[in-house]
Amino acid sequence: MEPVVYIDGKFLPSSEAKVAVFDHGLLYGDGVFEGIRAYNRRVFRLERHVERMYQSAKAIDLTIPHTPEEFVELILETCRRNDVVDGYIRPIVTRGPGDLGLDPRKCTQGPSVIVIANPGIALYPKEKYERGLRLVTSSYRRVPPQSLSPSIKSLNYLNQIMARIEANQYGADEALMLDIHGHVSEASADNFFIVRNHGVVTPPTQTNLPGVTREVVLELAEKLGIQGDEKPFTLYDVWAANEAFITGTAAEIGPVVEVDGRKIGDGTPGRVTKQLVHAFRELVTTTGTPIY
């Protein structure tokens, strides 16, 4: 069955779902989005994802033409129409059609709202989660908050895409990005954690996206009696760490066993990481907003 996409008040077959060529989301990356997962007929942390999307929209002065409650229902209905049991959901809000100028006031038709819901997603092969991921540090620095807040989940991902291209060129699974001061920021599409002294540490969100999975991992660590800290650290701390892992909606929790050719710990997924993976899997498969 062809997937059904919600776009501007209509549910359409994906082959018929289109945006205008003058849409500022297409022309300039002017818009916001979320990546959301469904597990076992439930959408995990749906309200939190929608809240974050509205926060991103507010930051770029974009008014979403639905209440958060209405948007939640749009997402659930799109899931129903695609018979989603386990899947990936992508709500998008663009500035809407305008002209070739940058001025968003020219987008007089108002924002365009899109919801895509596809059954199933696998960011990395299963064996990568069993053996661990290899990362390289990108030469591209994460856009600093003085230029554009990394907390905004906008449609402009070119900074991260350039880092990912670099990782591909080096044959790595992911790129690790630093901020302009040389502290670790995040991976190209995920948050980053290290494990040292049996506790987990992740950079503050001033220089990276406040990830929902990141939040969940910190919550789970507290419940498991694992100390969780948010503070800056450098590449030295990464190379010297006992363990490391990435977190993201699509990636979930991905063990990292090598960074810049250096083995992390003993070069295999570590005990703390495995504890968190198990607790995370238990949480996502038993909680969430029911679809049906």
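Mentor: Ala, Val, Leu, Ile, Met, Phe, Trp, Tyr, Cys and Pro count as nonpolar, Asp, Glu, Lys and Arg as charged, and the others, Gly among them, as polar. By these classes, the lining of the largest pocket divides into 17 nonpolar, 13 polar and eight charged residues. This is a predicted model, in which local features need pLDDT of at least 70 and side-chain atom pairs count only at pLDDT 80 or more, while totals for chains, interfaces and linings use all residues. Residues are numbered from 1 along each chain as its sequence is written, and side-chain values use heavy atoms, with hydrogens and water left out.

Trainee: What makes a residue part of the lining of the largest pocket, and which residues lie nearest its centre?

Mentor: On a 1 Å grid over the protein atoms alone, a pocket is an open set of points with protein on both sides within 12 Å along at least five of seven lines, a cavity is a set where a 1.4 Å probe fits but cannot get out, and lining residues have an atom within 4 Å of a point. The largest pocket has 38 such residues, and those nearest its centre are Phe33, Lys153, Tyr157, Ser188 and Ala189. Its volume, the space filled by probe spheres set on the points, which are joined across faces, edges and corners, is about 660 Å³.

Trainee: Which elements each supply at least two residues of that lining?

Mentor: They are β6, α5 (158-169), β10 (184-187), α6 (212-223) and β14 (243-248), where helices (H or I, at least four residues) and strands (E, at least two) are DSSP runs numbered from the N terminus. Helix α5 gives the most to this lining, with four residues.

Trainee: How much space lies in the second largest pocket, and what lines it?

Mentor: The second largest pocket holds about 400 Å³ of space. It is lined by 17 residues, of which Lys126, Tyr129, Glu252, Ile253 and Val277 are the closest to its centre. Two or more lining residues come from each of α4 (126-131), β15 (252-259) and α8 (271-284), and α8 gives the most, with four. By class, this lining has eleven nonpolar, no polar and six charged residues.

Trainee: How many cavities of 30 Å³ or more are there?

Mentor: The count comes to one cavity of that size, and about 60 Å³ of space lies in the largest cavity. Ile36, Arg37, Tyr39, Phe44, His49, Val212, Thr213, Thr249 and Phe280 line it, with the largest share, three residues, coming from β4.

Trainee: Why is the aromatic pair of Tyr54 and Phe71 called edge-to-face?

Mentor: The structure holds eight aromatic pairs. Rings of Phe, Tyr and Trp (its six-membered ring) pair if their centres lie within 6.5 Å, and planes under 30 degrees apart count as stacked, over 60 as edge-to-face and the rest as tilted. Tyr54 and Phe71 stand 6.3 Å apart, centre to centre, with 85° between the planes, so the pair is edge-to-face.

Trainee: How do you know whether Tyr54 counts as buried or exposed?

Mentor: Buried means under 20% relative accessible area, exposed over 50%, and partly exposed in between (1.4 Å probe, protein chains only). Tyr54 has 19% relative accessibility, and therefore counts as buried. Phe71, at 0%, counts as buried too.

Trainee: Why is the pair of Phe192 and Phe233 tilted?

Mentor: Their ring centres are 6.4 Å apart and their planes lie at 40°, so the pair is tilted. Phe192 lies in strand β11 (residues 191-196) and Phe233 in the loop between β13 (228-230) and α7 (235-239), so the pair ties together parts that are 41 residues apart in sequence. Both Phe192 and Phe233 are buried.

Trainee: What makes Leu62 a buried residue, and where is it found?

Mentor: Leu62 has a relative accessible area of 5% and is therefore buried; its place is the loop between α2 (46-59) and α3 (68-81). Leaving aside neighbours within four places in sequence, Leu62 is in contact (heavy atoms within 4.5 Å) with Gly31, Val32, Ala57, Val93, Thr94, Arg95 and Pro111.

Trainee: How do you know that strand β1 pairs with strand β7?

Mentor: Two strands pair if DSSP finds at least two bridges between them, and β1 (residues 4-7) and β7 (residues 112-119) have two, in the antiparallel sense. Ile7 has Ile114 as its bridge partner in β7. Strand β6 (residues 87-94) is joined to β7 by eight bridges, also antiparallel, and there Ile89 is partnered by Ala117.
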